[in-house]
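Hello,

Here is the structure I promised to pass on to you. My notes on what turned up in it follow below.

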Amino acid sequence: MDKTHDILCIGSVLWDVIGRTPHSMRVGSDEPGRITRLPGGVAMNIAMTLRRFDLTPALLTAIGDDHDGIDLLARCGRLGLVTEHVHVSSQPTDVYMAIEGPEGLIAAVADAHSLEAAGDAILEPLENGTLGSPQAPYSGVIALDGNLTVDLLSDIAQRPSFAAADLRVAPASPGKARRLRPLMGHPGATLYVNREEAGYLTDTTPASSEDAAAALLAAGATRVLVTDGGGHGAEGREGDVIVAPCPAVEVKRITGAGDTFMAAHIAAEISGKSAPEALEFALETAARYVSGEDA
């Protein structure tokens, strides 16, 4: 079984095209700003942050065999990510495009058709013995993102090859949060969501991250981490909820903040930090990210 990595990151790996402007925007606005093109996607963002903490992630995803895909795989390799298990697709490489203003995210479009079309082909290394199999399931940490189809996420929740995994799960966006419901009862699953996403998963309107964590546990989740923008973060498990404050910073970027939080929390736990220490570390890391301090 492959031992060249510390964690698997399953899900979207694509190009992020982000336009940022300091000016307020409305529908039809045309403002000056900066446009960046960087590797992105939930799985990729998590993997890149994990590298900052000297962990080596392996990617399970679909990337097109076009020029953009070749460029993206090369960039992943230069970043120190393991790409030998990536499914190469005949579809165009996926792209996420967003506009951010001083108030935060204005609008975004996620073109993840390559990943969706690949389906369970990206999971083959966990089935054929390369990384695991139904008879010898993978027992390490897996970061899984909600850009997979609801059918595939439901399938993963029942697959013997995932039965022993320490499964860390994040929605790709609030609109995709309900896709995670089949995974809530997985005994090894930890859900990383914000307060809005927790509301979608529980059909409630929690007033705080603490309330959201309690609602998720009551709805059958095994373990949850909940963020609330600049408010407190919370962790809930076995009926117990702990909270920690988020440092106050000037917000300069939004896209990738939740992924940074999740990766920092995973890294903190792998390094042996206690539950309160890991929560505080993840909130501090995410705050530095949105402030642009680690750019």
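About 540 Å³ of space lies in the second largest pocket. A pocket here is found on a 1 Å grid over the protein atoms alone, as an open set of points where a 1.4 Å probe fits, with protein on both sides within 12 Å along at least five of seven lines; lining residues have an atom within 4 Å of a point. Grid points are joined across faces, edges and corners, and a volume is the space filled by probe spheres set on the points.

Before going further, please keep in mind that this is a predicted model, where local features need pLDDT of at least 70 and side-chain atom pairs count only at pLDDT 80 or more, while totals for chains, interfaces and linings use all residues. Residues are numbered from 1 along each chain as its sequence is written, and side-chain values use heavy atoms, with hydrogens and water left out.

Back to that second largest pocket: 21 residues line it, and Leu38, Asn45, Met48, Arg253 and Tyr289 are the closest to its centre. At least two lining residues come from each of β2, β3 (34-40) and α1, and α1 gives the most, with five residues. Helices (H or I, at least four residues) and strands (E, at least two) are DSSP runs, numbered from the N terminus. By class, this lining has eight nonpolar, six polar and seven charged residues. For the classes, Ala, Val, Leu, Ile, Met, Phe, Trp, Tyr, Cys and Pro count as nonpolar, Asp, Glu, Lys and Arg as charged, and the others, Gly among them, as polar.

The largest pocket has a volume of about 1300 Å³. Its lining is made of 50 residues, and those nearest its centre are Asn194, Glu197, Ile254, Ala257 and Gly258. Two or more lining residues come from each of β2 (14-20), α1 (42-52), β7 (95-101), β8 (104-111), β11 (189-194), α5 (195-202), α7 and α8. The class count for this lining is 26 nonpolar, 16 polar and eight charged residues.

**The α7 and α8 pair**

Helix α7 (residues 257-270) and helix α8 (residues 275-291) have axes that come within 8 Å and cross at roughly 145°. Axes are lines fitted to C-alpha atoms, for helices over the stretch in contact, and angles run from 0 to 180 degrees between N-to-C directions. The crossing is right-handed, meaning that the near helix is turned clockwise from the far one by less than a right angle. On the α7 side, the residues that meet α8 include Ala257, Thr260, Phe261 and Ala264, and their partners in α8 include Ala282, Thr285, Ala286 and Tyr289. Contact means heavy atoms within 4.5 Å. This contact has 12 nonpolar, three polar and one charged residues.

Threonine 260, in helix α7, counts as buried because its relative accessible area is 3%. The cut-offs are under 20% relative accessible area for buried, over 50% for exposed, and partly exposed in between (1.4 Å probe, protein chains only). Leaving aside neighbours within four places in sequence, threonine 260 is in contact with Thr49, Arg52, Thr285, Ala286 and Tyr289.

**Buried spots in loops**

Which residues does alanine 177 touch, not counting those up to four places away in sequence? They are Pro171, Glu197, Tyr200 and Leu201. Alanine 177 is found in the loop between β10 (166-170) and β11, and is buried, with a relative accessible area of 0%. Its C-alpha is 5.6 Å from that of glutamate 197, although the two are 20 residues apart in sequence.

Serine 12 is in the loop between β1 (7-10) and β2 and is buried at 1% relative accessibility. Beyond neighbours within four places in sequence, serine 12 has contacts that include Gly40, Gly41, Thr61, Leu115, Asp145 and Asn147.

**Positive phi values**

Aspartate 54 is not a glycine, yet its phi is near 65°. Aspartate 54 is in the loop between α1 and β4 (57-60), and counts as exposed at 67% relative accessibility. Aspartate 203 also has a positive phi, of about 55°; it lies in the loop between α5 and α6 (209-218) and is exposed at 60% relative accessibility. Just after α6, glycine 220 takes a positive phi of about 110°.

Best wishes
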